[in-house]
Each structure stands twice: as C-alpha cells, then as structure tokens.
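Have your viewer open, and try each task before reading its solution.

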Amino acid sequence: MVPLLWMLGGRVVPAPRARSERAVPPLVRRLVAIDAAGTASLLLWVRRRRHGVPPDAVAVPYVAAQFGLLVTFAVLTAVELVGIELLLRALGVPAAVRVPLLVLDGYGVLAVLGILAGCVTRPHVVTAGEVRIRYAGLFDLRIPRHLVLRARRIRRYDERGMVRVAGGELSVAVAAQTNVELTLREPVPVTRPLGRRAEAHTVRLFADDPAAALAALAAHPAASS
C-alpha cells in the first residue's frame, strides 16, 4: 500500500524525475498517486486530521451515506483474506503460492480502508476563492468562486458511477446520489480518476448536509441559490 516513491517523500532530482515520468505510463503514475493518497489519508485519519481544509474554509463532508457500506466491505474483505489463508494452509498449498495471494488480499483491505479514510479526511471545501470538489484521493477539482453562477439543491438517486462526465455535466456521486448542483459561467477542465480529461459546465455533488453546503456557497456574491 505504501509505494516506494511515497516512502522516499517523492523527492527526486529534476532530471531523473523527468526521465522517469517519460518512462512510466501515465496510467501507472496515476495509480501510484492514488495509492499514495490513500496511504496518506490513513495516516491523517489515525491522527484525526483533514487534508486541504484551511482555517477560514468550510468543509463539506460526504461520507455519512457510505460509511457503513465501506466499513462492511473492508470487514468482509479482511474475513475473506483470513478464510482463504486458512483454507490454503489446510490444503497444504506451498507458501510460494499463498504469500502472493495474501499480499494481494491484504492490499485489497488497505485499498478499501484508504478510500474510506480519504472520504473522511478529504471533504469538499468551500473558501472565498474556490470550491474544491473531491472524492477520497481519487478525484480533486478546484473551481474558482467567480465561475460559480448558481448553486441549488437537487435530489437525484440515479447517478451512474462515482465520477462521470456526460454532455458537459460532471457528477461526483455517493451511493448513486447527488443533492447539490453548481451551474458554472464557463466550462472547467476535469481530470477523471484514471486520467481521462473532459470539460464540464455543470457539477453535481453529494453533501451530508446540503443546506450547510448551500449556505457556505451563498456566503459569496458569485454563488446564489
């Protein structure tokens, strides 16, 4: 779960780093970055701290609707890990086969915990200068406040996928739900979790408390409900 580059602090001298970036496919770099964000989120969660929430900002959590599901999934994955290990030992499967499977299953447990920790420690953020829309360490979009033309409450339970862009509309959903919609003055560039790029002029997101989210957004003249 802890990539070597992250353990070294990500500090590489400029020239070797440039060469390494050219040698490593973008998708692989993206997966390593997600992995590192998950590990960092776990550490922040243990320390009860949040990422990217300055003192003058309003944090907009989005974890409540999925917390139980993610915890259940992590527990089931851990139980599966133990069960498979016990079964393979009982069948006399050699360690050369068991250990790689154990590592993969262990990584799966940490990956789920990393997403859960990311959702807890990386909320959406509203400041005087920007609106930051996030989903754990998988997605991060910064929208300048002056681009937010309108913010309103919605109720959608049919969102497809976690982060999706279709017809210029971005949805960052939790359990297929969104409840806040931002209409932008002009499209903004969006980088999806695996690196694909698009543009969006409308952003839908989920907030545990949509009323508080709208109040934070309405606190600036550029956003009105």
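Two exercises follow, both on a predicted model.

**Exercise 1.** Find which residues make the nonpolar surface patch of about 400 Å², and which helix gives the largest share of the patch.

*Solution.* 
- Step 1: Select W45, F67, V71, V75 and V79, the residues that make the patch.
- Step 2: Look at helix α4 (residues 64-90), which supplies the largest share, four residues.
- Step 3: Turn to W45, which sits in helix α3 (residues 26-46).
- Step 4: Classify W45. Its relative accessibility is 30%, and partly exposed lies between the buried limit of under 20% and the exposed limit of over 50%. W45 therefore counts as partly exposed.

**Exercise 2.** Work out how strand β3 (residues 130-135) is covered, and which strands pair with β3.

*Solution.* 
- Step 1: Check the cover. Six of the six residues of β3 are buried.
- Step 2: Sort the side chains by direction. E130, R132 and R134 point one way, while V131, I133 and Y135 point the other way, and all are buried.
- Step 3: Take strand β2 (residues 124-126), which pairs with β3 in the antiparallel sense over two bridges. A hairpin of three residues joins β2 to β3.
- Step 4: Take strand β4 (residues 139-144), which runs antiparallel to β3 and is joined to β3 by six bridges. The hairpin of β3 and β4 has three residues between the strands, and A136 there takes a positive phi near 50 degrees.
- Step 5: Follow R132 of β3 across the pairings. V125 stands opposite R132, and in β4 the bridge partner of R132 is R142.

Conventions
Residues numbered from 1 in each chain as written. Predicted model: local features only at pLDDT ≥ 70, side-chain atom pairs only at ≥ 80, totals over all residues. Heavy atoms only, no water. Patch = residues over 30% accessible without salt bridge, like charges linked within 9 Å, V, L, I, M, F, W, Y side chains within 5 Å. Areas by Shrake-Rupley, 256 points an atom, 1.4 Å probe, with all protein chains shown as cover. Salt bridge = Lys/Arg side-chain N within 4 Å of Asp/Glu carboxyl O. Buried < 20%, exposed > 50% of the residue type's maximum accessible area, 1.4 Å probe, protein only. Pairing = 2+ DSSP bridges.
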